[in-house]
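Hi,

Here is the structure you will be working with. Please have it open while you read. My notes follow below.

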Amino acid sequence: MTVRAKFFCQSIQKAEDDSYRTIHMSPVTADTEENKTWSKYTPDGQLTMHVSNPAAFDQFEQGKEYYIDIQPAQ
């Protein structure tokens, strides 16, 4: 089973030495039927990631929404 959630990038913090970014995200839970469907049973949450891969830094932008697919690792 896979759960697809939509998260909003609230903020991005740079480390003082610029070696990583801390990405803060929260679930998108309103405004569209898509959001209401998945978030009906998960109406709140937080996701914080420390990203140390410079190639991944530019993949995140404050204020944008992102899909996150959750499935068992094999």
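**Overall fold**

In the chain, 57% of the contacts with a separation of 6 or more are between residues 24 or more positions apart. Contact here means heavy atoms within 4.5 Å. Please note that this is a predicted model: local features need pLDDT of at least 70, side-chain atom pairs count only at pLDDT 80 or more, and totals for chains, interfaces and linings use all residues. Residues are numbered from 1 along each chain as its sequence is written, and side-chain values use heavy atoms, with hydrogens and water left out.

The chain has 2 helices and 4 strands. Their order from the N terminus is β-β-α-β-α-β. These elements are DSSP runs, numbered from the N terminus: helices are H or I with at least four residues, strands are E with at least two. The C-alpha trace spans about 40 × 35 × 15 Å along its principal axes.

Of the 74 residues in the chain, 28% are buried. Buried means under 20% relative accessible area, exposed means over 50%, and partly exposed is in between (1.4 Å probe, protein chains only). The chain exposes about 5,600 Å². Carbon and sulfur atoms supply 49% of that area. Accessible areas come from the Shrake-Rupley method with a 1.4 Å probe; for residues, only the protein chains shown count as cover.

**Confidence**

The average pLDDT of the chain is 88. A score of at least 70 is reached by 91% of the residues. pLDDT is the predictor's confidence in each residue, from 0 to 100. Among the elements, helix α1 (residues 33-39) has the lowest mean pLDDT, at 70. Strand β3 (residues 47-51) has the highest, at 96.

**Salt bridges**

How many salt bridges does a search of the whole structure find? There are 4. The criterion is a side-chain nitrogen of Lys or Arg within 4 Å of a carboxyl oxygen of Asp or Glu. Here are some of them.

- Arg4 and Asp69 meet through their side chains at 2.8 Å, N to O. This pair links distant parts of the chain: Arg4 is in strand β1, Asp69 is in strand β4 (residues 65-70), and they are 65 residues apart. Arg4 is partly exposed at 44% relative accessibility. Asp69 is also partly exposed, at 43%.
- Glu65 and Lys6 form a salt bridge at 3.7 Å, N to O. Glu65 lies in strand β4 and Lys6 in strand β1, so the pair ties together parts that are 59 residues apart in sequence. Glu65 is partly exposed, with a relative accessible area of 44%. Lys6 is buried, with a relative accessible area of 11%.
- Lys64 pairs with Glu61, with the closest N and O atoms 3.9 Å apart. Lys64 is partly exposed at 41% relative accessible area. Glu61 is partly exposed at 44%.

Is Phe7 buried or exposed? Phe7 sits in strand β1. Its relative accessibility is 11%, so it counts as buried. Phe7 and Lys64 are 57 residues apart along the chain, and their C-alpha atoms are separated by 8.5 Å.

Thr22 is in strand β2. Thr22 counts as buried, at 8% relative accessibility. Which side chain makes a polar contact with the side chain of Thr22? The partner is His50, at 2.9 Å. A polar contact is a pair of N or O atoms within 3.5 Å; within protein, one must be able to donate a hydrogen and the other to accept it, and residues adjacent in sequence count only if both atoms are side-chain atoms. Leaving aside neighbours within four places in sequence, Thr22 is in contact with Ser11, Ile12, Gln13, Thr48, Met49 and His50.

**A surface patch and a loop residue**

Met1, Val3 and Ile70 make a nonpolar surface patch of about 340 Å². Patches are made of residues with over 30% relative accessible area and no salt bridge: like charges are joined within 9 Å, nonpolar side chains (Val, Leu, Ile, Met, Phe, Trp, Tyr) within 5 Å. Val3 is in strand β1. Val3 is partly exposed, at 34% relative accessibility.

Asp18 is worth a look in the viewer. Asp18 lies in the loop between β1 (3-14) and β2 (21-27). Its phi is positive, about 65°, although Asp18 is not a glycine. Asp18 is partly exposed, with a relative accessible area of 41%.

Best wishes
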